[in-house]
Amino acid sequence: MASQLIRSGSKAARALLSASRNSPLLSEGKGVAVAALANAGRKLSTAASFYEKSGGNNTSQSKWFSAALAIPAAGYMLMDKEAHAAEMERTFIAIKPDGVQRGLIAEIISRFERKGYKLVAIKLVVPSKEFAQKHYHDLKERPFFSGLCDFLSSGPVLAMVWEGEGVIKYGRKLIGATNPQASEPGTIRGDLAVVVGRNIIHGSDGPETAKDEIALWFKPDELVSYTSNAEKWIYGVN
Ligand code: IDP
Ligand code: MG
């Protein structure tokens, strides 16, 4: 019985470690996995005391206890290393002046929130035209560049950073195609916008742009790292 329990304990620890390998965890994600490991440890202790009561012999009992303590501890140590090595994605999302003026802030935020992404930075700003030009620098050759920058700097923009597994690419899916005429129903632009010049939301288009845009709009200390209570229900491997 004891060896069976040890096997199942180490299986749990392995499963948790492989979960941390397969899904990029930030350091705060570690809390979830460590809690699960602690839980596995608790289960082992309960099983151990049951084994003691049922009259297991002393030698195998002490081996059992060492194993019960060692498995979660080893798991924790490996987990700690791997959790620090991996990184959760972050993307820059902005509600443009048309989205703010039309009262769509709550609607848009709720779509990211309900999906399971985590808000790690948010502020309402009126960017200058120079700032808008920096933000859209890759479009400077396009005929609409000046008008676009005038528009972005014409009113409040809600700047945000969202965090989660695959959030850069999937954030773009939630947003929909650049031209709302081509955006699928169910997407933000598909449901809430009509023309390309007033498509209400911006989202980084790749890891490099995400990094640059976050750095352009936010100071490092404006990004908040925390563990969301829901994370253990949003991430997991069976
Ligand atoms: P994206 O916002 O979907 O990433 P981009 O091609 O990066 O699309 O263009 C940035 C923004 O420039 C668009 O969101 C839209 O507001 C504006 N824009 C893009 N194409 C046109 C156009 O043909 N006419 C006017 N504005 C445009
Ligand atoms: Mg773009």
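**View 1. A side chain reaching ligand 1.** In this predicted model, a polar side-chain atom of K96 sits 2.9 Å from an oxygen atom of ligand 1, a polar contact (a pair of N or O atoms within 3.5 Å). N199 also takes part, with a polar side-chain atom 2.8 Å from an oxygen atom of ligand 1. From V196, a polar backbone atom lies 3.3 Å from an oxygen atom of the ligand. The protein covers 76% of the 520 Å² of accessible area that ligand 1 has on its own (Shrake-Rupley method, 1.4 Å probe).

**View 2. The shell around ligand 1.** Here you can find the residues that surround the ligand, among them Y136, L139, F144 and R172. By class, the shell holds five nonpolar, two polar and three charged residues; Lys and Arg count as charged, for example, and Tyr as nonpolar.

View 3. Four strands line up in the order 2-3-1-4, with antiparallel pairing (strands are DSSP runs of E, at least two residues; a pair needs at least two bridges). At the edges are strand 2 (118-125) and strand 4 (201-203). Strand 1 (residues 89-95) joins strand 4 over three bridges, and A94 has H202 as its bridge partner.

**View 4. Helices on the sheet.** Helix 5 (residues 105-115; helices are DSSP runs of H or I, at least four residues) packs on the sheet and touches strand 1, strand 2, strand 3 (157-164) and strand 4, where contact means heavy atoms within 4.5 Å.

Residues are numbered from 1 along each chain, while chains are lettered from A and ligands numbered from 1 as written. Local features need pLDDT of at least 70, side-chain atom pairs count only at pLDDT 80 or more, and totals for chains, interfaces and linings use all residues, with side-chain values using heavy atoms and leaving out hydrogens and water.

Key:
A residue is near a molecule or strand if one of its heavy atoms lies within 4 Å of it. A polar contact is a pair of N or O atoms within 3.5 Å; within protein, one must be able to donate a hydrogen and the other to accept it, and residues adjacent in sequence count only if both atoms are side-chain atoms. Axes are lines fitted to C-alpha atoms, for helices over the stretch in contact, and angles run from 0 to 180 degrees between N-to-C directions.
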